[in-house]
Amino acid sequence: RAWGTGQPLVPPTKLAPLHMRVCRTWAKLKTSFSADQPNLAATLPADDGVSAAAWGAFVQQLCEIFVKEYDPDDQNELTDLGDLEPPQGEGRGPMLDEERLHGLALLRLIYSVNDGQRMAFDEAVRQNNQGDMQANVEDRWLGMLGGYSAYDHVVSTRLLPLRSIIHWTEILRSQLHEAEGNDMCIPFALNSFRLDKVFFLNLQTAEVGVLQSQSGLEFAPCHPGADTLAQATTDASVAMAAGQGPHHPYYRDPHDEPDGLLRWLERFADNVVAGKYVAKPIVPVGERGGGEQTTGLNLFPCRALVSEEGPSDYTRAVTRGIEVGA
(Lines give C-alpha, C1' and ligand atoms only; values in the text may rest on other atoms or scores of the structure.)
Protein backbone atom coordinates (compact mmCIF):
# COMPACT_ATOMS: atom_id res chain seq x y z
CA ARG A 1 0.00 0.00 0.00
CA ALA A 2 1.22 3.50 -0.80
CA TRP A 3 0.99 5.56 2.40
CA GLY A 4 3.99 7.81 1.88
CA THR A 5 4.45 11.11 0.11
CA GLY A 6 3.26 11.72 -3.41
CA GLN A 7 0.86 13.82 -5.41
CA PRO A 8 -1.37 15.94 -3.14
CA LEU A 9 -4.95 14.85 -2.62
CA VAL A 10 -7.36 17.00 -4.63
CA PRO A 11 -10.59 17.82 -2.71
CA PRO A 12 -13.84 16.54 -4.25
CA THR A 13 -15.16 19.02 -6.81
CA LYS A 14 -18.66 19.03 -5.32
CA LEU A 15 -17.24 20.13 -1.96
CA ALA A 16 -15.19 23.04 -3.32
CA PRO A 17 -17.48 25.59 -1.55
CA LEU A 18 -16.52 23.98 1.80
CA HIS A 19 -12.78 24.02 1.19
CA MET A 20 -12.22 27.51 2.61
CA ARG A 21 -14.16 26.59 5.76
CA VAL A 22 -11.95 23.52 6.25
CA CYS A 23 -8.74 25.53 5.78
CA ARG A 24 -9.97 28.23 8.14
CA THR A 25 -10.87 25.65 10.82
CA TRP A 26 -7.47 23.94 10.67
CA ALA A 27 -5.73 27.33 10.75
CA LYS A 28 -7.63 28.31 13.91
CA LEU A 29 -6.72 25.07 15.67
CA LYS A 30 -3.05 25.06 14.65
CA THR A 31 -2.56 28.73 15.55
CA SER A 32 -4.18 28.27 18.96
CA PHE A 33 -2.29 25.06 19.76
CA SER A 34 1.04 26.55 18.61
CA ALA A 35 0.59 29.47 21.00
CA ASP A 36 -0.71 27.58 24.03
CA GLN A 37 0.25 23.91 23.61
CA PRO A 38 3.38 23.42 21.50
CA ASN A 39 3.59 19.72 22.42
CA LEU A 40 0.09 19.17 21.07
CA ALA A 41 0.80 21.32 18.00
CA ALA A 42 3.80 19.10 17.25
CA THR A 43 1.46 16.12 16.72
CA LEU A 44 -0.21 17.84 13.76
CA PRO A 45 1.59 17.26 10.44
CA ALA A 46 3.28 20.29 8.94
CA ASP A 47 2.69 19.07 5.38
CA ASP A 48 -0.41 19.58 3.24
CA GLY A 49 -2.44 16.57 4.29
CA VAL A 50 -2.59 13.05 2.89
CA SER A 51 -1.41 12.19 -0.60
CA ALA A 52 -3.66 10.93 -3.38
CA ALA A 53 -1.95 7.53 -3.12
CA ALA A 54 -2.59 7.34 0.63
CA TRP A 55 -6.26 8.21 0.17
CA GLY A 56 -6.62 5.59 -2.57
CA ALA A 57 -5.09 2.95 -0.30
CA PHE A 58 -7.38 4.02 2.54
CA VAL A 59 -10.57 3.79 0.47
CA GLN A 60 -9.58 0.42 -0.98
CA GLN A 61 -8.83 -1.07 2.44
CA LEU A 62 -12.01 0.38 3.88
CA CYS A 63 -14.01 -1.14 1.06
CA GLU A 64 -12.36 -4.53 1.66
CA ILE A 65 -13.42 -4.38 5.31
CA PHE A 66 -17.04 -3.72 4.37
CA VAL A 67 -17.15 -6.35 1.63
CA LYS A 68 -15.81 -9.06 3.98
CA GLU A 69 -18.89 -8.64 6.15
CA TYR A 70 -21.38 -9.27 3.39
CA ASP A 71 -22.27 -12.28 1.29
CA PRO A 72 -21.15 -11.43 -2.26
CA ASP A 73 -23.81 -13.79 -3.64
CA ASP A 74 -26.58 -11.87 -1.91
CA GLN A 75 -27.21 -8.95 -4.27
CA ASN A 76 -29.78 -7.33 -1.99
CA GLU A 77 -27.35 -7.37 0.91
CA LEU A 78 -24.58 -5.91 -1.22
CA THR A 79 -26.94 -3.15 -2.32
CA ASP A 80 -27.64 -2.41 1.33
CA LEU A 81 -23.91 -2.02 1.83
CA GLY A 82 -24.50 0.96 -0.35
CA ASP A 83 -22.70 2.98 -2.89
CA LEU A 84 -20.18 0.56 -4.34
CA GLU A 85 -18.70 1.42 -7.70
CA PRO A 86 -18.00 -1.46 -10.12
CA PRO A 87 -14.44 -2.86 -10.32
CA GLN A 88 -11.96 -0.22 -11.48
CA GLY A 89 -10.01 -2.44 -13.89
CA GLU A 90 -8.28 -5.78 -14.10
CA GLY A 91 -7.26 -7.01 -10.67
CA ARG A 92 -9.22 -4.28 -8.89
CA GLY A 93 -12.20 -4.84 -6.67
CA PRO A 94 -15.17 -2.55 -6.10
CA MET A 95 -14.56 0.87 -4.56
CA LEU A 96 -16.70 3.01 -2.27
CA ASP A 97 -18.57 5.70 -4.22
CA GLU A 98 -17.61 9.14 -2.91
CA GLU A 99 -20.24 10.79 -5.07
CA ARG A 100 -22.98 9.21 -2.97
CA LEU A 101 -21.24 8.73 0.36
CA HIS A 102 -21.33 12.30 1.67
CA GLY A 103 -19.37 11.48 4.82
CA LEU A 104 -16.54 9.83 2.89
CA ALA A 105 -16.26 12.81 0.55
CA LEU A 106 -16.20 15.22 3.51
CA LEU A 107 -13.55 13.14 5.28
CA ARG A 108 -11.44 13.36 2.12
CA LEU A 109 -11.79 17.14 2.11
CA ILE A 110 -10.78 17.52 5.76
CA TYR A 111 -7.86 15.09 5.53
CA SER A 112 -6.62 16.67 2.30
CA VAL A 113 -5.57 19.57 4.55
CA ASN A 114 -4.37 17.61 7.60
CA ASP A 115 -3.95 13.88 8.30
CA GLY A 116 -5.13 13.78 11.90
CA GLN A 117 -2.55 13.55 14.70
CA ARG A 118 0.74 11.72 14.30
CA MET A 119 1.80 10.24 17.63
CA ALA A 120 4.49 7.70 18.35
CA PHE A 121 2.08 6.17 20.88
CA ASP A 122 -0.63 5.74 18.24
CA GLU A 123 1.76 4.08 15.80
CA ALA A 124 2.93 1.74 18.59
CA VAL A 125 -0.70 0.79 19.29
CA ARG A 126 -1.29 0.08 15.61
CA GLN A 127 1.77 -2.18 15.52
CA ASN A 128 1.04 -3.66 18.98
CA ASN A 129 4.53 -2.65 20.14
CA GLN A 130 4.31 -2.69 23.93
CA GLY A 131 7.79 -1.21 24.43
CA ASP A 132 7.11 1.83 22.25
CA MET A 133 3.69 2.29 23.85
CA GLN A 134 5.30 2.50 27.29
CA ALA A 135 8.08 4.80 26.04
CA ASN A 136 5.55 7.25 24.56
CA VAL A 137 2.81 6.96 27.15
CA GLU A 138 2.74 10.74 27.75
CA ASP A 139 1.39 11.22 24.22
CA ARG A 140 -1.98 10.10 25.58
CA TRP A 141 -2.55 13.50 27.17
CA LEU A 142 -2.14 15.35 23.87
CA GLY A 143 -5.49 14.54 22.23
CA MET A 144 -6.44 17.60 20.16
CA LEU A 145 -10.14 17.05 20.86
CA GLY A 146 -9.52 17.51 24.56
CA GLY A 147 -9.97 15.59 27.77
CA TYR A 148 -11.28 15.59 31.32
CA SER A 149 -11.31 13.43 34.43
CA ALA A 150 -13.84 12.58 37.11
CA TYR A 151 -12.98 10.15 39.89
CA ASP A 152 -11.22 7.23 38.12
CA HIS A 153 -12.64 8.12 34.70
CA VAL A 154 -10.05 9.77 32.41
CA VAL A 155 -10.56 10.90 28.82
CA SER A 156 -8.19 12.43 26.27
CA THR A 157 -9.47 12.22 22.71
CA ARG A 158 -7.10 12.12 19.75
CA LEU A 159 -7.93 12.58 16.08
CA LEU A 160 -6.78 9.49 14.21
CA PRO A 161 -4.65 9.55 11.05
CA LEU A 162 -5.99 7.55 8.11
CA ARG A 163 -3.87 4.47 8.83
CA SER A 164 -5.19 4.29 12.37
CA ILE A 165 -8.77 4.75 11.18
CA ILE A 166 -8.35 1.52 9.21
CA HIS A 167 -6.83 -0.22 12.25
CA TRP A 168 -9.65 0.78 14.60
CA THR A 169 -12.39 0.20 12.03
CA GLU A 170 -11.31 -3.44 11.81
CA ILE A 171 -11.37 -3.73 15.60
CA LEU A 172 -14.67 -1.93 16.25
CA ARG A 173 -16.83 -3.23 13.39
CA SER A 174 -18.41 -5.86 15.65
CA GLN A 175 -19.79 -3.12 17.89
CA LEU A 176 -21.19 -1.24 14.92
CA HIS A 177 -23.12 -4.28 13.71
CA GLU A 178 -24.96 -4.33 17.03
CA ALA A 179 -26.10 -0.74 16.43
CA GLU A 180 -29.25 -0.80 14.32
CA GLY A 181 -28.86 0.87 10.94
CA ASN A 182 -25.32 2.15 11.51
CA ASP A 183 -23.19 -0.31 9.58
CA MET A 184 -21.72 2.48 7.42
CA CYS A 185 -19.99 4.20 10.35
CA ILE A 186 -16.25 4.35 11.00
CA PRO A 187 -14.29 5.58 14.05
CA PHE A 188 -12.15 8.67 13.51
CA ALA A 189 -11.36 9.86 17.07
CA LEU A 190 -11.12 7.99 20.35
CA ASN A 191 -10.07 8.13 23.99
CA SER A 192 -6.39 7.34 24.55
CA PHE A 193 -7.00 5.48 27.81
CA ARG A 194 -9.86 3.07 27.13
CA LEU A 195 -12.54 2.54 24.52
CA ASP A 196 -15.34 4.24 26.41
CA LYS A 197 -15.43 7.32 24.19
CA VAL A 198 -15.25 6.85 20.43
CA PHE A 199 -16.46 9.31 17.81
CA PHE A 200 -17.90 7.75 14.66
CA LEU A 201 -18.53 9.25 11.24
CA ASN A 202 -21.56 8.09 9.26
CA LEU A 203 -20.23 7.71 5.73
CA GLN A 204 -23.68 8.15 4.23
CA THR A 205 -24.94 11.23 6.10
CA ALA A 206 -21.66 12.89 7.21
CA GLU A 207 -22.98 13.02 10.79
CA VAL A 208 -20.74 12.62 13.84
CA GLY A 209 -21.98 10.52 16.74
CA VAL A 210 -21.15 8.22 19.62
CA LEU A 211 -22.62 4.85 20.54
CA GLN A 212 -24.84 4.82 23.60
CA SER A 213 -25.86 1.60 25.30
CA GLN A 214 -28.66 2.54 27.70
CA SER A 215 -31.22 0.54 25.72
CA GLY A 216 -29.17 -1.35 23.17
CA LEU A 217 -26.51 0.28 21.04
CA GLU A 218 -27.75 3.48 19.45
CA PHE A 219 -25.99 6.09 17.33
CA ALA A 220 -26.36 9.43 19.15
CA PRO A 221 -25.50 12.52 17.02
CA CYS A 222 -23.00 14.99 18.50
CA HIS A 223 -24.33 18.02 16.63
CA PRO A 224 -27.72 19.41 15.59
CA GLY A 225 -29.63 16.92 13.50
CA ALA A 226 -31.85 17.33 10.46
CA ASP A 227 -34.86 18.60 12.45
CA THR A 228 -32.87 21.37 14.13
CA LEU A 229 -31.26 22.36 10.86
CA ALA A 230 -34.62 22.44 9.11
CA GLN A 231 -36.06 24.75 11.78
CA ALA A 232 -32.96 26.96 11.69
CA THR A 233 -33.25 27.20 7.92
CA THR A 234 -36.93 28.14 8.22
CA ASP A 235 -36.14 30.78 10.84
CA ALA A 236 -33.35 32.17 8.67
CA SER A 237 -35.64 32.30 5.61
CA VAL A 238 -38.14 34.34 7.60
CA ALA A 239 -35.34 36.66 8.75
CA MET A 240 -34.04 37.12 5.22
CA ALA A 241 -37.55 37.88 3.97
CA ALA A 242 -37.62 40.64 6.57
CA GLY A 243 -34.35 42.04 5.24
CA GLN A 244 -32.12 40.39 7.84
CA GLY A 245 -29.32 37.88 7.33
CA PRO A 246 -29.31 34.20 8.35
CA HIS A 247 -27.77 34.71 11.78
CA HIS A 248 -28.91 31.44 13.34
CA PRO A 249 -25.75 29.48 14.32
CA TYR A 250 -27.18 26.27 12.89
CA TYR A 251 -28.36 27.78 9.62
CA ARG A 252 -27.60 25.66 6.59
CA ASP A 253 -28.68 26.20 3.02
CA PRO A 254 -30.87 23.20 2.15
CA HIS A 255 -29.08 22.95 -1.20
CA ASP A 256 -25.64 22.58 0.40
CA GLU A 257 -23.82 19.27 0.68
CA PRO A 258 -24.19 17.53 4.09
CA ASP A 259 -21.46 18.96 6.33
CA GLY A 260 -22.08 17.54 9.82
CA LEU A 261 -18.46 16.58 10.50
CA LEU A 262 -17.23 20.01 9.43
CA ARG A 263 -19.84 21.88 11.48
CA TRP A 264 -18.88 19.80 14.51
CA LEU A 265 -15.18 20.55 14.03
CA GLU A 266 -15.86 24.25 13.37
CA ARG A 267 -17.81 24.63 16.61
CA PHE A 268 -15.02 22.93 18.52
CA ALA A 269 -12.38 25.21 16.95
CA ASP A 270 -14.43 28.29 17.84
CA ASN A 271 -14.60 27.14 21.47
CA VAL A 272 -10.82 26.66 21.58
CA VAL A 273 -10.17 30.11 20.09
CA ALA A 274 -12.69 31.70 22.48
CA GLY A 275 -10.76 30.34 25.45
CA LYS A 276 -13.43 27.97 26.70
CA TYR A 277 -10.95 25.09 26.60
CA VAL A 278 -7.36 25.74 27.72
CA ALA A 279 -4.18 23.83 28.50
CA LYS A 280 -4.10 22.64 32.10
CA PRO A 281 -3.80 19.31 33.96
CA ILE A 282 -6.55 16.91 32.92
CA VAL A 283 -6.12 15.10 36.25
CA PRO A 284 -5.90 17.89 38.86
CA VAL A 285 -2.88 18.36 41.09
CA GLY A 286 -3.42 16.49 44.34
CA GLU A 287 -5.40 13.64 42.84
CA ARG A 288 -3.85 10.24 42.30
CA GLY A 289 -1.67 10.35 39.20
CA GLY A 290 -2.52 14.01 38.68
CA GLY A 291 -0.32 17.02 38.08
CA GLU A 292 1.49 18.91 35.37
CA GLN A 293 2.49 15.70 33.58
CA THR A 294 -1.18 15.25 32.61
CA THR A 295 -1.43 18.68 30.95
CA GLY A 296 -3.60 18.71 27.85
CA LEU A 297 -6.59 20.51 26.37
CA ASN A 298 -9.00 20.46 29.30
CA LEU A 299 -12.69 20.38 28.34
CA PHE A 300 -13.97 21.71 31.64
CA PRO A 301 -15.06 25.23 30.56
CA CYS A 302 -12.79 28.02 31.76
CA ARG A 303 -14.52 31.16 30.51
CA ALA A 304 -16.77 33.06 32.93
CA LEU A 305 -20.48 32.33 32.75
CA VAL A 306 -21.21 36.03 32.39
CA SER A 307 -18.73 38.36 30.73
CA GLU A 308 -18.67 42.11 30.22
CA GLU A 309 -20.42 41.54 26.89
CA GLY A 310 -23.31 39.79 28.62
CA PRO A 311 -24.37 36.17 29.20
CA SER A 312 -22.39 33.50 27.38
CA ASP A 313 -23.81 30.44 25.64
CA TYR A 314 -23.14 28.14 28.58
CA THR A 315 -25.94 25.98 29.90
CA ARG A 316 -26.64 26.87 33.53
CA ALA A 317 -28.67 25.15 36.21
CA VAL A 318 -29.18 25.63 39.95
CA THR A 319 -29.51 22.52 42.11
CA ARG A 320 -29.90 22.81 45.89
CA GLY A 321 -28.55 26.33 45.78
CA ILE A 322 -25.46 25.44 43.73
CA GLU A 323 -25.11 26.91 40.24
CA VAL A 324 -23.49 24.66 37.66
CA GLY A 325 -22.40 25.71 34.19
CA ALA A 326 -21.30 23.66 31.21
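The largest cavity in this structure, which is a predicted model, has a volume of about 50 Å³. A search of the whole structure finds one cavity of 30 Å³ or more.

**The cavity and its lining**

- The residues that line the largest cavity are Leu107, Ile110, Tyr111, Leu159, Phe188, Leu261, Trp264 and Leu265.
- Sorted by class, the lining of the largest cavity consists of eight nonpolar residues, with no polar and no charged ones.

**The packing of α1 against α5**

- Two packed helices are described by the angle between their axes and by the distance between the axes.
- Helix α1 (residues 16-36) and helix α5 (residues 102-111) have axes that come within 9 Å of each other and cross at roughly 50 degrees, which means that α1 is oblique to α5.
- The crossing in which α1 passes α5 is right-handed.
- On the α1 side the contact is made by Leu18, His19, Val22 and Trp26, while on the α5 side Leu106, Leu109 and Ile110 take part.
- By class, this contact of α1 with α5 has six nonpolar residues and one polar residue, and no charged residues.

**Where the two topics meet**

- Ile110 of α5 belongs to the contact with α1, and Ile110 is also one of the residues that line the largest cavity.

Methods. Residues numbered from 1 in each chain as written. Predicted model: local features only at pLDDT ≥ 70, side-chain atom pairs only at ≥ 80, totals over all residues. Heavy atoms only, no water. Axes fitted to C-alpha atoms, helices over the stretch in contact; angles between N-to-C directions. Helix = DSSP H or I, 4+ residues; strand = E, 2+ residues; numbered from the N terminus. Parallel < 35°, antiparallel > 145°, perpendicular 65-115°, else oblique. Left-handed = near helix turned anticlockwise from the far one by under 90°. Contact = heavy atoms within 4.5 Å. Nonpolar A, V, L, I, M, F, W, Y, C, P; charged D, E, K, R; others polar. 1 Å grid on protein atoms, 1.4 Å probe; cavity = no way out; pocket = protein on both sides within 12 Å on 5 of 7 lines; lining within 4 Å. Points joined across faces, edges and corners; volume = space filled by probe spheres on them.
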